[in-house]
Each structure stands twice: as C-alpha cells, then as structure tokens.
Amino acid sequence: MTTLLDSTRLLFELQRSHHITRSLAGLTSPEEIAKRVTDGAIDQFGCAFARIWLVESDRTALRLVASSGLYTHINGSFARVPMGAYKVGKIAQNCVSFLSNNLPEEPWVKDRDWAIANQIQGFAGYPLVVDGQAIGVLAIFSRQPLAAEFLEVLQGLCSTVTVALQTALQYRKDRQGLVSGVNNTQALSDRLARILDTTRLTMVGTESTLRPSQTYLFLQVGEVLNQLDCSYCRLTYGRGDVSLEAIVGLDNDDGSQVEEAFGSVLVALHSLGGTLQLQRSREQAAMQVSFQVPVYAPTTACDVSLYIVCRQHLLQLAFTQLAYVTGLVVATHRESGGLVLTDNTNEINRGDRVLWVRQRIDPPPTEAVACLNLSLTPTQFREVIETVMRGETWGIERNSTEPSLDISSREQEIAGLLAMGMRDRDIAQKLHISESTVKFHMNKVMAKLKSRTRYQALYQLTSKGWL
C-alpha cells in the first residue's frame with residue numbers, strides 16, 4: 001500500500017475487500033470466518049500480518065482467534081488482551097478506529113525494537129461493533145505507510161464481517177443450548193419479554209421456531225424498542241410471516257430519532273425479505289412501528305448452486321442472505337456454465353447464466369437471463385430460479401424502461417451517507433453543512449419518491465438502483 005490513495009485507488013482497495021467478504025459465504029464458525037478475513041487481508045492488501053480478537057462473554061477481555069502473515073499462532077503474549085489495555089483493548093472499549101504510520105514511536109507500543117526489526121510502520125485497527133458495543137477488533141500491521149482513506153476500506157469490510165461474526169456467534173450459542181439442554185432457543189416471546197421488561201407484550205397466533213438469523217433480528221428490534229419509550233408491543237405469528245408491532249412515544253421529537261434508531265437493523269431486515277413501516281398518530285405524540293418478516297421452510301427443490309459476486313457490500317450481503325432464506329446453495333467458487341448473480345459486467349464469463357442486479361436504467365448484458373433488485377421476497381426469488389432453470393427469462397423486459405429519478409447530486413450524496421448508517425449530525429459534520437440542511441435535502445427526496453419515511457425512501461432508491 002502506498003501513501004497515495006486517491007479515489008481510483010480507494011475503489012481498487014474496496015474491490016479487494018469485496019474478494020474477502022465474498023469468501024465468507026456459508027461459513028458458520030466465528031474462528032473460521034475470522035481466519036478467512038485475516039488470510040484475505042494478507043492476500044489482498046499485502047500487509048505484514050493481520051489479527052482478529054473477539055470480546056469474551058463477560059466483556060473483561062478480548063481473545064485472539066485469528067492471525068495471518070508474519071505470525072500465525074494465537075497463543076502468544078497477546079492471546080488475551082484485557083478490555084481497555086494496549087491499543088487493541090482501547091479500540092474495543094471506546095469503539096474508535098485508529099491509524100498510525102509511525103508505529104515504533106507510538107507510546108503504547110510494547111516492544112519498539114520489534115517494530116523496528118520487522119520494519120513495521122503502519123497500523124490500522126477497527127472495532128467490530130453491534131448495537132454500540134464492540135464484539136471484536138480487526139488489526140492490520142503494514143511495512144508500508146497506510147493512507148488515511150484506508151479506514152474507509154476497513155469500514156466497509158468490517159460492516160460485513162461484523163454481521164457474519166455476530167450471526168455465527170448466535171448460531172453457536174443456539175447450538176450449544178440444544179446440546180446442553182439449556183433453553184437458549186426458547187420461544188421468541190419469552191426472550192422478548194425479558195428484553196422488554198417494562199413494556200406490555202402480547203402474542204397472537206401459534207408460536208413456531210424461527211431461523212437463528214430471524215430470531216436474532218427480532219431480538220435486535222426488541223433491544224431498540226427497549227431504548228425508546230415503548231408502551232405497547234405485540235408479536236403475531238401469521239400463516240407465512242411473523243410481525244412485531246409497537247407504539248413508541250415521540251415527546252417533542254419529530255420522529256427522526258425513531259427512524260435513526262432502527263437504521264442498524266434495516267439492512268438485515270431487507271436481506272431477510274422483511275419490511276418496516278412507521279406511522280405517526282394523528283396527535284403526533286406517538287409512532288406505530290411494524291416489522292414483518294416472511295417465514296418460509298428451507299427448500300432445495302431447485303437443487304441449484306448460485307455464485308454471488310457484487311461490487312457493493314450491501315448487495316453482496318443482501319442477496320447472500322436472501323439465497324440462504326430461499327434455500328439455495330451459495331457457491332464459494334464459480335462453476336462453468338452455472339448461475340452467477342452480479343452487478344458487474346467484468347465478472348461475467350463466457351457461458352454464464354447471469355442474474356443481473358439492475359443499476360439505474362442501463363440495459364442488462366446479453367448474458368442476463370433475469371433482472372433483479374432488492375425488492376425481491378424469498379418467494380419471488382424462488383420463482384426467478386425456477387423460471388431460469390426452465391430456460392426462460394425473468395424481468396428482462398419490464399426492467400428496461402424504468403424512468404430516471406430527478407434528484408440532485410447533493411441529495412444523492414446525503415441519501416448514500418444515510419444508507420451507510422450515518423446520523424444527521426455526522427453527515428452535517430462530514431459535508432460541513434447544518435443538520436437542518438441535511439433534513440431539508442432528505443425531505444425533498446422523500447417528496448419526490450412519495451415516501452412517508454426516510455427508510456422507505458432509502459429502500460426505494462436502493463432497490464431501483466438509483467442510489
């Protein structure tokens with residue numbers, strides 16, 4: 001890595017990080033996921049060595065679970081780092097990323113002679129954060145200086161890695177509960193009741209066992225509701241879906257804080273085919289929140305292997321999750337003549353049957369047998385696969401005449417930052433504008449899309465390929 005990292009170089013590094021995240025498909029072991037990431041950091045970024053620590057359950061220390069490059073052992077002096085100790089422990093404790101290009105002179109370095117002897121100059125550490133708390137830390141050591149923009153690359157990489165690790169950790173916890181007889185997979189209503197201990201929770205319908213990813217999503221929603229002024233909550237099991245409805249107080253808030261609070265679960269919700277609806281009361285004193293997630297039994301009726309290779313982290317994660325929910329096999333390697341889901345013409349080989357992720361209004365490539373966007377439900381995705389396997393096409397004609405959206409570059413920029421999870425004040429600081437200006441631009445976008453909430457607007461922009 002060089003000190004010069006302009007926009008072209010940044011995009012190149014982001015593309016390298018996509019190679020790492022694509023390799024995580026199908027992995028359920030946190031240690032295996034972590035090792036795949038550190039190995040990828042060595043291969044793709046050319047760093048000296050890379051490590052991942054995970055926070056222990058009592059949150060008093062971090063445990064080294066993967067190390068690649070110069071050091072591959074995980075049982076040395078830094079196998080266990082107390083929370084708040086050294087730079088790694090401080091990154092986990094404060095959830096703040098860090099970059100330095102003068103490692104031997106940093107006062108926190110334990111062994112400066114080691115850094116000099118191994119010619120280690122650059123260090124970048126990034127927290128893996130869920131709900132405001134770190135579950136781990138990724139650290140990269142380099143013999144070359146690291147550009148400040150490299151933290152942008154790590155931000156995109158770590159957002160996907162965090163989701164993969166958290167899902168794997170929850171999966172392990174549920175599996176251990178089954179083996180030990182501890183009821184960690186007890187009814188969702190019981191687990192929600194413990195989280196929403198001051199909120200009246202009711203349940204409608206016959207409760208059934210959900211997938212770990214679905215259960216975890218509802219528990220995340222419960223944690224968010226617990227932080228808000230939630231006065232009522234109802235869990236409903238329908239014939240083909242599960243919904244969670246709640247009423248939260250607004251006080252003097254215009255509802256934007258409620259919208260922002262649910263931003264952390266929006267990507268996971270859409271990747272599982274779910275929807276979010278926010279509706280204010282007539283008196284503007286409360287907001288009704290409604291989450292709905294489809295529940296489908298896994299099916300391998302198509303017996304199809306799908307290779308997914310997208311440029312955007314959001315698309316890669318969303319379609320990988322959608323494929324798993326649908327019951328497809330997500331391939332880790334491309335098969336000759338197989339199905340390839342992509343948004344990048346450079347990833348198309350001769351003979352591929354391409355499921356094309358539509359971007360803007362550009363026509364799909366000639367290899368495309370289907371044209372997709374993020375509005376697909378698992379049922380629709382299953383229909384796409386079955387249609388393509390019959391030798392027919394899906395969605396090619398009607399997706400070719402999509403009208404363009406008349407939004408300004410500033411509106412598009414602000415919407416993109418919101419989609420990345422940034423808050424109004426963070427965007428205002430980044431763009432050197434006021435928070436009211438951020439709200440003004442987003443209100444204009446919502447009006448053009450006829451959306452009632454920001455998240456409806458962001459969903460439309462993303463699903464139609466306009467963002």
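A residue is called buried if its relative accessible area is under 20%, exposed if over 50%, and partly exposed in between, using a 1.4 Å probe and protein chains only. This is a predicted model, where local features need pLDDT of at least 70, side-chain atom pairs count only at pLDDT 80 or more, and totals for chains, interfaces and linings use all residues. Residues are numbered from 1 along each chain as its sequence is written, and side-chain values use heavy atoms, with hydrogens and water left out.

Let me start with phenylalanine 49. Its relative accessible area is 2%, so phenylalanine 49 is buried.

Now the rings. Rings of Phe, Tyr and Trp (its six-membered ring) pair if their centres lie within 6.5 Å; planes under 30 degrees apart are stacked, over 60 edge-to-face, and the rest tilted. There are eleven aromatic pairs in the structure. In one of them, phenylalanine 49 and tyrosine 71 have ring centres 5.2 Å apart and planes at 90 degrees, so this pair is edge-to-face. Tyrosine 71 is partly exposed, at 23% relative accessibility.

Which kind of pair do phenylalanine 49 and tryptophan 114 form? That pair is edge-to-face, with 6.0 Å centre to centre and 75 degrees between the planes. Tryptophan 114 has a relative accessible area of 22%, so it counts as partly exposed.

Ring pairs link Phe49, Tyr71 and Trp114 into a cluster with Phe98, Trp108, Phe123 and Phe141.
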